[in-house]
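Hi everyone, thanks for coming.

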Amino acid sequence: MKKILFAFAAMIILAAYGNKQALAPAEGDEVNNEVAFEVAKNYFFKRSAEGRLQGKNDQEFPASPKITTAEEFGKLFGMATTMGNDGKPTEIDFTKQFVLAIVLPVTNLATEITPDRLDEKGDTLFYFYDAKVGEAQSYSTQPVSLIILDKKYADKTIVMVNEQVKDYYAAIDRYLAEQIAGRYAKGEYSVPVYQEVAVNADDSTNIRIWGDFWVYNYKQEGDTLKCVSGGSHPGLMHICQMGEYFYVSAFEQVEDGSRFLPSAKRIFGEYFEAFQIHHSDGDEHESLRHDVLRAFVRDRKLSATKYQDYGWPAKDLDL
């Protein structure tokens, strides 16, 4: 069965792809048309009524970044008027325009989202953006980026391309942290850990990576990263390369319960036995988690020296 560390209410976070799968333009195809957009300023992501009472930001966001009505937008975003000439929220006319939104989980890591460009190719819009993650801060924020487009593009499939992702392993890290970690109770940090089973990179528009993919959410207390939530998601990642950038175009996950073995055999195919070996080796996984966490702490210059699962003794990171 899929291993779930703790039972928590599921959440849905943004930074998602459209419902349809779209591939990068092949060599020799016509040049993409660049689409104009305007950055919407002075808006914030709302909390739900229950979240406001509990002091939490638990608002759910739809699986697509596309927002086409004023009603939907008003449920999700509020106006943050400030002093000065640029203090008013950017006007949005939903009779003629729509919005593409990126909302990342609440974090204490300095995060900057910068829209770059939109390329139109057939019935698809490729949205290139830069999301830089820096060092830890003494406070938490929720990174938000909104852009406004002409409504004539509203029926296009949207593919999000993060310009910080320049290899397929980085694409997996981003996908797990942004798409999977939000299904569990949130912490200060989301740390992906995965055991690769097999890779097929013959086709740059469909790089396939089979593996046992985990996410862990942590909060830091003193010198210890305490695990808040997380779980295992074995399956097959489909990754597309577009120029120097990579993104996950689809993820086939092994199912739970009685469907675990049949779905695992179908998805892993000739690699099923190798998957079983990795999936059942707890010592291998724990050693990998230790190494990934140690690198995570070093890269972000955190003060943590230990990590701990609920009900278990803390373990040294051996920094």
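Let me begin with a term: two strands pair if DSSP finds at least two bridges between them. The strands themselves, like the helices, are DSSP runs numbered from the N terminus, with at least two residues of type E for a strand and at least four of type H or I for a helix. What you see is a predicted model, in which local features need pLDDT of at least 70 and side-chain atom pairs count only at pLDDT 80 or more, while totals for chains, interfaces and linings use all residues. Residues are numbered from 1 along each chain as its sequence is written, and side-chain values use heavy atoms, with hydrogens and water left out.

Now the overview. The protein chain has 6 helices and 16 strands. It has 319 residues, and 47% of them count as buried. Buried means under 20% relative accessible area, exposed means over 50%, and partly exposed is in between, using a 1.4 Å probe and protein chains only.

Let's look at a sheet. In which order do the strands of the open sheet with mixed pairing come? The order is S1-S7-S8-S10, so to speak from one side to the other, and that makes 4 strands. At the edges are S1 (33–35) and S10, each of which pairs on one side only. Ignoring direction, neighbouring strands here are turned by 35° against each other on average. For angles like that one, axes are lines fitted to C-alpha atoms, for helices over the stretch in contact, and the angles run from 0 to 180 degrees between N-to-C directions.

Let's walk across it. S1 and S7 run antiparallel and are joined by 3 bridges. Val 35 has Leu 118 in S7 as its bridge partner. Leu 118 also has a bridge partner in S8, namely Tyr 127. S7 (residues 107–121) and S8 (residues 124–141) pair in the antiparallel sense over 12 bridges. These two strands form a hairpin with 2 residues between them, and Gly 122 in the turn has a positive phi of about 60°. Moving on, S8 runs parallel to S10 (residues 157–162), with 6 bridges joining them. There, Leu 125 has Ile 158 in S10 as its bridge partner. As background, strands of a sheet pair through backbone hydrogen bonds, either parallel or antiparallel.

There is another open sheet of 4 strands, with antiparallel pairing and the order S2-S9-S6-S4. Its edge strands are S2 (38–40) and S4 (66–67), each pairing on one side only. S6 (residues 97–103) and S9 (residues 144–150) pair over 7 bridges, and the bridge partner of Ala 101 in S9 is Leu 146.

Next, the inside. A nonpolar core is a set of buried Ala, Val, Leu, Ile, Met, Phe, Trp, Tyr and Cys residues joined through side-chain atoms within 4.5 Å. The largest core has 20 residues, and Ile 172, Leu 176, Ile 209, Phe 213, Met 237 and Ile 239 have the most contacts inside it. Elements that give two or more residues to this core are H3 (168–180) and strands S12 (207–221), S13 (224–242) and S14 (245–253). Apart from it lies another core, of 17 residues, among them Leu 100, Leu 104, Ile 158 and Met 160. In general, nonpolar side chains tend to be buried together in soluble globular proteins.

Now the helices. H4 (residues 260–268) and H5 (residues 272–280) pack at an angle of about 125°, with their axes 9 Å apart. H4 and H5 are therefore oblique to each other. The cut-offs are under 35 degrees for roughly parallel, over 145 for roughly antiparallel, 65 to 115 for roughly perpendicular, and oblique for the rest.

Is His 285 buried or exposed? His 285 is buried, because its relative accessible area is 9%. This histidine lies in helix H6 (residues 282–300). Setting aside residues up to four places away in sequence, His 285 touches Val 193, Gln 195, Trp 214 and Tyr 216, where contact means heavy atoms within 4.5 Å.

Last, a backbone detail. Most residues other than glycine have a negative phi. Asn 42, in the loop between S2 and S3 (43–45), has a positive phi near 65°. Asp 318 has a positive phi too, near 55°, and is found in the segment after S16 (315–316).
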